[in-house]
Amino acid sequence: MSRREKGTGGMAALWMQRWCIVLAGFFLSVMIPYMSTLLWSGQVAVRNGELSYSGDLVVAEGKEMDAENFLILVLARQIDGSAPPGAKEAQAVAARTNLYKTMEEAQCNQADDLGIEYDSLSEMKNRWGEEFSQIYQSYEAAVSATAGEVLTCDGQLIDAKYHKA
C-alpha cells in the first residue's frame, strides 16, 4: 500500500470519528434538556404501565387513571368516532378545559362526582365491536396531539360549553 492510500484511509476514519462526536454531542445537547424538562414538569411519565401526560388523576370505572386517558372516555361520549381528526382534537381541548375547570371548582377527582359524562371501555367495545381498536386509537391520537392544551382567558380556564347535536 502506498503512502497516499494509507493517508486517505486515515482521513476517512478521522472524518468518521469527528462526525460521530458531532452527532453524539447534538443528540445529547437536545435530548438531555428535553428529558429533564419532561421529568421535572411531569408532562410525561409511565404510571401503572400507562402513558401519563399530566400527572393529574381521575378515578373512573373504579380505578385511578391519568386525566389525559380519562379524556379518551369523555371524547367517546362527546364526538362520533367517524369525525375528522381536527374535530376530535378541537373537542379534546374543550373537554380538557372543562375537566380541569370542573376538578378545580369541585376540589375532587371522582369522575362520577364531577358530572362529566363518559363512556366506559366496555360500552365502547360493545358499540364498536371489531372496530374498537381503530376508533379508540383515533381518540387517543387526538388527546395525545393536544396534550396539556386548555382554553383560557386572562389566565383563567374558560367555561367551554359543549352541546352534542
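Buried residues are those with under 20% relative accessible area, exposed residues those over 50%, and partly exposed residues those in between (1.4 Å probe, protein chains only). By this criterion Asp119 is buried, with a relative accessible area of 2%.

The model is predicted: local features need pLDDT of at least 70, side-chain atom pairs count only at pLDDT 80 or more, and totals for chains, interfaces and linings use all residues. Residues are numbered from 1 along each chain as its sequence is written, and side-chain values use heavy atoms, with hydrogens and water left out.

The protein chain has 6 helices and 6 strands. These are DSSP runs numbered from the N terminus, helices being H or I of at least four residues and strands E of at least two. Their order from the N terminus is α-β-β-β-β-α-α-α-α-α-β-β. Of the 165 residues, 32% count as buried. Contacts are heavy atoms within 4.5 Å. Among contacts between residues at least 6 apart in sequence, 57% join residues at least 24 apart.

The structure holds 6 salt bridges. Each is a side-chain nitrogen of Lys or Arg within 4 Å of a carboxyl oxygen of Asp or Glu. Asp119 forms one with Arg77, the closest N and O atoms being 2.5 Å apart. Asp119 lies in the loop between α4 and α5 and Arg77 in helix α2, so this pair ties together parts 42 residues apart in sequence. Arg77 is partly exposed, at 26% relative accessible area. Asp119 also bridges to Arg127, with closest N and O atoms 2.1 Å apart. Arg127 counts as partly exposed at 44% relative accessibility. A network of salt bridges links Arg77, Glu117, Asp119, Glu123 and Arg127.

A further salt bridge joins the side chains of Arg96 and Glu68 (2.8 Å, N to O). This pair links distant parts of the chain, with Arg96 in helix α3 and Glu68 in helix α2, 28 residues apart. Both Arg96 and Glu68 are buried.

Helix α6 (residues 132–145) has 14 residues. From first C-alpha to last, α6 reaches 20 Å, close to the 20 Å expected at 1.5 Å a residue; the expected span is 1.5 Å times one less than the number of residues. Buried in α6 are Phe132, Ile135, Tyr136, Tyr139, Ala142 and Val143. They cover an arc of only 115° around the axis, which puts them on the same side of α6. The arc is that of the directions from the helix axis to the C-beta atoms. Cover for the buried residues of α6 includes α2 (67–78), α3 and α5 (121–128).
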